[in-house]
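Reader: I have the model open. Could you take me through it?

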Amino acid sequence: MDAEGPPRLTRELVAMRVAQELPPGSVVNLGVGLPTLVGAFMPPDAGILLQAENGILGYGGFSNEAFDPDLINAGGQPVRLNPGASFFDSTASFAMVRGGHIDVAVLGGLQVSERGDLANWSVPERGGGSIGGAMDLATGARQLIVAMEHTTKTGAARIVRKCAYPLTARRCVDLIVTDLAVVEVVAAGLTLREIAPGWTPEAVAALTEAPLTVAADVREIAL
Amino acid sequence: MTATVYRTPDEALDGIVDGARVMVGGFVSAGTPSNLILALKRRGTRDITLIANNIGFGDKLDELCEGRQVTRAIATFAVRASSARESHFEAQYRRGEVELELVPQGTFAERIRAGGAGIGGFLTRTGAGTQVAAGKETVTWAGEEWLLERPLRADVALLKAHRADRLGNLSYRLAGQNFNPVMATAADLVIAEVEEIVETGAIAPEAVDTPAVYIDRLVRCDPLEVRWDGR
């Protein structure tokens, strides 16, 4: 669709950019899909604790060893444990999520609105969707980063004035990282902070339905 | 009040009737009572209201759905937005043959906790302003909108733990806890599948995750092999 335009960032590069946002020592929950990739790009010495809402704090990367059905993350993927890891039940897990003990959640998105509403659990025309932990994470995490493609496969904007898809939570998104841009949600609306190499703010805005305020110091995404 | 030990998962399900509300512990492959689920399938119990976190392609709970034994599900993850590799449950849901109440996972856990702890409801911000709020009372407090959520209980809970002692104390392995400890508190009849049953006292008191008071029936089963399908 961008046959004439510069390339967009790969999913791995988007994940790498998101990883830069995670403060050392923070507790982070990575949603299924693209956000899962973020785990591979965290600096190993940053002391970040990954929480899986099925009941693990402190898991590491994916495990390549023999599959253990009792050692999985919330996406059902086999994981390794880091020193200091702990297990707990679902009520304790969601006390962490809903009680404000998760510093950053990274979730995938279908649409984000100009005021930071998120829709990420249902595509009505495809007949269904699932909530899982998304509504709790969007509501309870101290900071919410949405990692998604800037447009749909057919080229429609995912950053919109008002979400058409069913909402996950209202006014919950703090930062949007896409394959074209880094967009911050502020009280006044959306600020375009960074753009993919080779892209212009105008070209990104043309693929964004919601109005974007271009930051005075807008720059290329650096990885 | 010692738990009754059954020889087979099929016998452990004695008395479960058509129309039962059945809670099932587990999270995808972890802590899932696969032997009890397959025994419930063999039993042929119908018109089940299934209360479980997830029903997905390849899950034992989806095998239970294969024979249309489930007419209603309360779950957090049961229908994916994509239709690749459709599960039995998804196909039945899209044809309007099963009813689904989709619940946010934290609300699901807390409703069960309330059901098991004699709590009549609770307030949460999760779901406010979304489809989940439909038909629910809302309360404005501390400048925010909260949903009033009601407790969830079942007739029967099927659980998986790693070890039990003969009294019914349970301990779990790795991330096998998930919904099992809370579901143990919220059903009239609680049946646990375990890999090992040891003498009472052989599990150190501080290593007991679920105290025996909640457990009615035990059955020792070898875990069924689960392969990761790369999702």
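Author: Helices (H or I, at least four residues) and strands (E, at least two) are DSSP runs, numbered from the N terminus. The model is predicted: local features need pLDDT of at least 70, side-chain atom pairs count only at pLDDT 80 or more, and totals for chains, interfaces and linings use all residues. Residues are numbered from 1 along each chain as its sequence is written, with chains lettered from A and ligands numbered from 1 in the order in which they are written.

Reader: What follows α5(B)?

Author: Gly118(B) follows α5(B), and its phi is positive, near 70°.

Reader: How many residues of α5(B) are buried?

Author: The count is 12 of the 13, so α5(B) is largely enclosed by the rest of the structure. A residue is buried if 20 or more other C-beta atoms lie within 10 Å of its own, exposed if 12 or fewer, and partly exposed in between, with C-beta atoms placed from the backbone. Among the buried residues are Phe108(B) and Ile112(B).

Reader: Turning to the contact, how many residues does each chain give?

Author: Chain B gives 43 residues and chain A gives 38; two residues are in contact if their C-beta atoms, placed from the backbone, lie within 7 Å. The largest share of chain B's side, five residues, comes from α5(B).

Reader: And which strand pairs with β2 in chain B over four bridges?

Author: That is β3(B), residues 48-52, which runs parallel to β2(B), residues 21-24. Strands pair if DSSP finds at least two bridges between them. Val22(B) has Leu50(B) as its bridge partner.
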